[in-house]
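I opened my notebook for this one with a simple plan: look at the whole chain, then the spaces inside, then a few single residues. Here is what I wrote down along the way.

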Amino acid sequence: LPATGSEMNANSVITRYETHEKLAFSSPLVYPTFSILDPTKAYTLPPRQLANGVVDAFTHIMEQYLTYPVNAAVQDRFAEGLLQTLIEIGPSLLETPDDYDLQANFMWTATLALNGLIGAGVPQDWATHMIGHEITALHGLDHAQTLAILLPSVLHEQRAKKSDKLLQYAQRVWGLEDGSDDDRINLAITKTRDFFERMGVKTHLTDYQISADAIPAMVQQLEQHGLTQLGEHNDIDLEKSQHILQASL
């Protein structure tokens with residue numbers, strides 16, 4: 001399943017259904033010593049999982065790229081190229097899943113998205129993933145569905161501190177040149193949401209019959225798991241997480 005890049009990274013997630021917990025960990029002991037990526041193995045994946053994989057890979061890139069500038073020109077260009085590749089091939093992949101070239105580019109992009117290459121020497125966010133895990137644990141949504149719901153809201157909530165990178169993302173990935181800074185940021189976030197929707201992945205909690213009444217339990221889970229200082233600045237506290245969830249309805 002091209003998505004997580006686990007063919008070439010040290011990351012894993014464990015879900016305990018009986019206690020409604022989904023927690024991530026990373027260790028060099030689970031880093032593969034050798035990887036074979038065979039695109040033909042993805043031909044028979046259902047459209048839902050292909051779409052999930054594209055959204056997951058896209059968000060992995062964004063979690064490492066869309067923070068704040070640190071003069072990491074190479075990592076930025078790698079990340080932007082990977083994002084553009086997913087935007088270009090994603091919808092076609094759903095139409096022709098047995099296209100070797102599409103699957104090969106998808107699989108390689110998903111691997112490069114989280115094998116450490118684009119994350120070397122740059123600040124990283126991961127708030128979208130951490131909050132998303134609690135939605136999956138409590139409500140059973142696919143991982144990528146939670147990312148599609150949360151990423152636009154995280155970008156909106158953190159737009160002031162992410163403004164430099166949001167403007168770079170707007171220009172380099174989406175080609176947005178006109179309008180005020182706020183206009184370009186708003187449109188870049190809208191285009192991100194629209195891309196997820198084009199992939200067939202809904203982007204609001206209410207699309208999955210999750211109402212505002214469910215938010216306090218998610219926030220409580222974040223507190224229980226010590227996820228109270230999220231984001232690249234460690235400034236997404238429980239109150240901000242609640243705002244993000246409310247904005248995702």
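The entries below go from the whole chain to single residues.

**Entry 1: the whole chain**

I noted before anything else that this is a predicted model. I then went through the secondary structure and found nine helices and two strands in the chain. Read from the N terminus, the order is β-β-α-α-α-α-α-α-α-α-α. I looked up the radius of gyration next: it is 17 Å, close to the 18 Å that the globule rule gives for 249 residues, so the chain is as compact as a globular protein of that length. Along the principal axes, the C-alpha atoms fill a box of roughly 50 × 45 × 35 Å.

I also checked burial, and buried residues account for 51% of the 249 residues. For contacts between residues at least 6 apart in sequence, I found that 71% join residues at least 24 apart. The accessible surface is about 11,500 Å², and carbon and sulfur atoms own 51% of that area.

**Entry 2: the largest pocket**

Which residues lie closest to the centre of the largest pocket? I got Thr4, Val13, His60, His133 and His143, out of 23 residues in the lining. The space in this pocket is about 560 Å³.

At least two lining residues come from each of strand S1 (11-16), strand S2 (21-26), H1, H4 and H5. H1 has the largest share, with five residues. By class, I wrote down nine nonpolar, eleven polar and three charged residues for this lining.

**Entry 3: the closed cavities**

How many cavities of 30 Å³ or more are there? The count is two.

The largest cavity has a volume of about 40 Å³. Its lining is made of Met62, Glu63, Leu66, Asp125, Thr128, Leu151, Val154, Leu155 and Lys162. Two elements give two or more residues to that lining, helix H1 (47-65) and helix H5 (143-157). H5 gives the most, with three residues. I sorted the lining of the largest cavity into five nonpolar, one polar and three charged residues.

The second largest cavity has a volume of about 30 Å³. Gln64, Tyr65, Gln75, Asp76, Ala79, Ile118 and Val122 line this one. Here the elements with two or more lining residues are H1 and helix H2 (73-95). H2 supplies the largest share, three residues.

I put a mark beside H1 on my page: it is listed for the largest pocket, for the largest cavity and for the second largest cavity.

**Entry 4: Ala113**

Ala113 sits in the loop between helix H3 (100-112) and H4. Is Ala113 buried or exposed? Its relative accessibility is 0%, under the 20% limit, so Ala113 counts as buried.

I listed its contacts, leaving aside neighbours within four places in sequence: Ala57, His60, Ile61, Gln64, Leu82 and Ile118. Among these, His60 had already turned up by the centre of the largest pocket, while Gln64 and Ile118 are in the lining of the second largest cavity. I also looked up Gly5, which is 108 residues from Ala113 in sequence but 6.9 Å from it in space, C-alpha to C-alpha.

**Entry 5: Thr136**

Thr136 belongs to helix H4 (residues 127-139). At 15% relative accessibility, Thr136 falls under the 20% limit and therefore counts as buried. Apart from neighbours within four places in sequence, Thr136 touches Lys22, Leu141, Asp142, His143 and Thr146. One of these, His143, is on my list for the centre of the largest pocket.

A reminder to myself: most residues other than glycine have a negative phi. That made me look up two exceptions.

Asn71 has a phi near 60 degrees, and its place is the loop between H1 and H2. With 76% relative accessibility, over the 50% limit, Asn71 counts as exposed.

Gln209 has a positive phi too, of about 60 degrees. Where does Gln209 lie? I found it in the loop between helix H7 (181-198) and helix H8 (215-224). Gln209 has 69% relative accessibility and counts as exposed.

Methods:
Residues are numbered from 1 along each chain as its sequence is written. This is a predicted model: local features need pLDDT of at least 70, side-chain atom pairs count only at pLDDT 80 or more; totals for chains, interfaces and linings use all residues. Side-chain values use heavy atoms; hydrogens and water are left out. On a 1 Å grid over the protein atoms alone, a cavity is a set of points where a 1.4 Å probe fits but cannot get out, and a pocket is an open set with protein on both sides within 12 Å along at least five of seven lines; lining residues have an atom within 4 Å of a point. Grid points are joined across faces, edges and corners, and a volume is the space filled by probe spheres set on the points. Helices (H or I, at least four residues) and strands (E, at least two) are DSSP runs, numbered from the N terminus. Ala, Val, Leu, Ile, Met, Phe, Trp, Tyr, Cys and Pro count as nonpolar, Asp, Glu, Lys and Arg as charged, and the others, Gly among them, as polar. The radius of gyration is taken over C-alpha atoms; the globule rule is 2.2 Å times the number of residues to the power 0.38. Buried means under 20% relative accessible area, exposed over 50%, partly exposed in between (1.4 Å probe, protein chains only). Contact means heavy atoms within 4.5 Å. Accessible areas come from the Shrake-Rupley method with a 1.4 Å probe; for residues, only the protein chains shown count as cover.
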